[in-house]
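Welcome! Take a moment to look over the sequence and turn the structure around before reading on.

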Amino acid sequence: MLIIVTYDVSTETREGRKRLRRVAKVCEGHGQRVQKSVFECKVNLMQFEELERRLLAEINEEEDNLRLYRLTEPFELHVKEYGNFKSVDFDGPLVI
């Protein structure tokens, strides 16, 4: 499944700035950044539940906002891209 993760973490305090970095790090481990606080993640159900659990452990629900969107298949019908961005082909070959 393709998940869109978007977040807004309060950075008014030092703790908030640390939370922001930790939330971004969790997202980077599961997908690709498409905008500053927006990630696309291709995950299975178990990975989605782990991602959600880890993100909820990082945010402060009184100060921050976290949104998870699950796109239905076929993804190509629901995602339109414009501008300068090179997305990762999750289904393509991995070249190292």
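How many bridges join strand E2 to strand E3, and do they run parallel or antiparallel? Three bridges link E2 (residues 32-35) with E3 (residues 38-42), and the two strands run antiparallel. Keep in mind as you explore that this is a predicted model.

**The overall layout**
- You can find two helices and four strands in this protein.

**The hairpin**
- Strands E2 and E3 make a hairpin, and two residues lie between them.
- Within this pairing, Arg33 sits opposite Phe39 of E3.

**The helix pair**
- Now look at helix H1 (residues 14-28) and helix H2 (residues 45-58), which pack at an angle of about 175 degrees with axes 9 Å apart.
- Angles over 145 degrees count as roughly antiparallel, so H1 and H2 are roughly antiparallel to each other.
- On the H1 side, the contact is made by Arg19, Arg22, Val23, Val26 and Cys27, while H2 brings Leu51, Arg54, Leu55 and Glu58.

**The protein as a whole**
- Of the 96 residues in the protein, 31% are buried.
- Among contacts with a separation of 6 or more, 66% come from residues 24 or more positions apart.
- The protein exposes about 7,300 Å², and carbon and sulfur atoms supply 49% of that area.

Notes. Residues numbered from 1 in each chain as written. Predicted model: local features only at pLDDT ≥ 70, side-chain atom pairs only at ≥ 80, totals over all residues. Heavy atoms only, no water. Pairing = 2+ DSSP bridges. Axes fitted to C-alpha atoms, helices over the stretch in contact; angles between N-to-C directions. Parallel < 35°, antiparallel > 145°, perpendicular 65-115°, else oblique. Contact = heavy atoms within 4.5 Å. Buried < 20%, exposed > 50% of the residue type's maximum accessible area, 1.4 Å probe, protein only. Areas by Shrake-Rupley, 256 points an atom, 1.4 Å probe, with all protein chains shown as cover.
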